[in-house]
Every structure is written in structure tokens, then in C-alpha cells.
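Hi,

Here is the structure I said I would pass on.

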Amino acid sequence: MRKDGKLDYLEMQAGDGTIDGVKSFYSTAFGWSFTDYGPRYSAFSEGIDGGFDASAAPVAKPLPVLFSTDLERTLRLVEDAGAKITRPIFEFPGGRRFHFADPAGNELAVWAE
């Protein structure tokens, strides 16, 4: 069962702008399987759910994603606690989310169905 504020998803960049290379690596090395959501995003479920994104600018850092049952409330709580919103609430296939930077500069996201 999903719970507010718990790690729920790990999003990483494909790096070279394509999904095929990263999928091939993880499939060969670890036996991972993937579900494609268009040509630039592929999800996995290998101990924790996650996905590789080829649409964003290459970034060296993974993106931890937290879950929320009330996205607007969580956004207010995050702002009130001192985080900087780096991407306001937006829709994506499967839900809505926002991104924020914590006081140490780490970027995280929060999503809701």
C-alpha cells in the first residue's frame, strides 16, 4: 500500500538520449524487464519501481520520487518546510507531480495518482 511521504519511485536519466542502450545494459547485466511509455521513457519494477527518461537534459543524479494522496497539500508542506519548488505541479501519463530542491540542494519529486 502506498503511503504519503514514502519513497515510491526512482527516476534516472538515459544519458545518451536514447532508451535502448540503458535497457540493453540492465537487461543483460541484471535480467531487468521494461515497459515502454513512448520512445523516450521506459519503466522497470525491480525491487523498487522506477524508470529511465531520455527526454530531459542529461543529469548525473537519480530522482527519488515520493508519493502523496494530496499533492497540493504536500506542495504547501514542502514549501513551508523551506524547499524550493523547481517544477510546479504538472501532469504525466499515470498522474501528476512536482519537483523540489531540499535545503541541501537535492532534487526530489512528489507524485499523486
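Seven strands each put at least two residues into the lining of the largest pocket: β1, β3, β4, β5 (63–67), β6 (84–92), β7 (95–101) and β8 (107–112). Strands here are DSSP E runs of at least two residues, helices are H or I runs of at least four, and both are numbered from the N terminus. Before you go further: this is a predicted model, where local features need pLDDT of at least 70 and side-chain atom pairs count only at pLDDT 80 or more, while totals for chains, interfaces and linings use all residues. Residues are numbered from 1 along each chain as its sequence is written, and side-chain values use heavy atoms, with hydrogens and water left out.

Back to the pocket. Its volume comes out at about 890 Å³, and 35 residues line it, with Tyr9, Glu11, Tyr41, Phe92 and Arg97 nearest the centre. Split by class, the lining has 15 nonpolar, 10 polar and 10 charged residues.

On a 1 Å grid over the protein atoms alone, a pocket is an open set of points where a 1.4 Å probe fits, with protein on both sides within 12 Å along at least five of seven lines; lining residues have an atom within 4 Å of a point. Grid points are joined across faces, edges and corners, and the volume is the space filled by probe spheres set on them.

Now the sheet. It is open, has 8 strands in the order β2-β3-β4-β1-β5-β8-β7-β6, and its pairing is mixed. The edges are β2 (35–36) and β6, each pairing on one side only. Two strands count as paired if DSSP finds at least two bridges between them.

On one side of the sheet order, β1 and β4 run parallel over 4 bridges, and Glu11 has Gly51 in β4 as its bridge partner. β3 (residues 41–45) and β4 are antiparallel, with 5 bridges, and Ser45 sits opposite Asp49. The β3–β4 hairpin has 3 residues between the strands, and Gly47 takes a positive phi near 100 degrees there.

β7 has antiparallel partners in β6, through 6 bridges, and in β8, also through 6 bridges. Phe92 pairs with Gly95 in β7, and His99 stands opposite Ala109 in β8. The β6–β7 hairpin leaves 2 residues between its strands, and Gly94 in the turn has a positive phi of about 110 degrees. In the β7–β8 hairpin there are 5 residues between the strands, and Gly105 has a positive phi near 95 degrees.

How much of β4 and β7 is covered? In β4 (residues 49–53), 4 of the 5 residues are buried; in β7, 6 of the 7 are. Buried means under 20% relative accessible area (1.4 Å probe, protein chains only).

A few individual residues are worth a click:

- Phe52 is in β4 and is buried, at 2% relative accessible area. Leaving aside neighbours within four places in sequence, its contacts (heavy atoms within 4.5 Å) include Met12, Ile19, Trp32, Tyr41 and Phe44.
- Asp8 is in β1 (residues 7–13) and is buried, with a relative accessible area of 14%. Its side chain makes a polar contact of 3.1 Å with that of Arg2. By polar contact I mean a pair of N or O atoms within 3.5 Å; within protein, one must be able to donate a hydrogen and the other to accept it, and residues adjacent in sequence count only if both atoms are side-chain atoms. Not counting residues up to four places away in sequence, Asp8 also touches Ile48, Asp49, Val65, Leu66, Phe67 and Trp111.
- Thr74 is in helix α2 (residues 71–80) and counts as buried at 15% relative accessibility. With residues up to four places away in sequence set aside, Thr74 touches Ser68, Phe98 and Val110.

Cheers

Note on methods: Buried < 20%, exposed > 50% of the residue type's maximum accessible area, 1.4 Å probe, protein only. Nonpolar A, V, L, I, M, F, W, Y, C, P; charged D, E, K, R; others polar.
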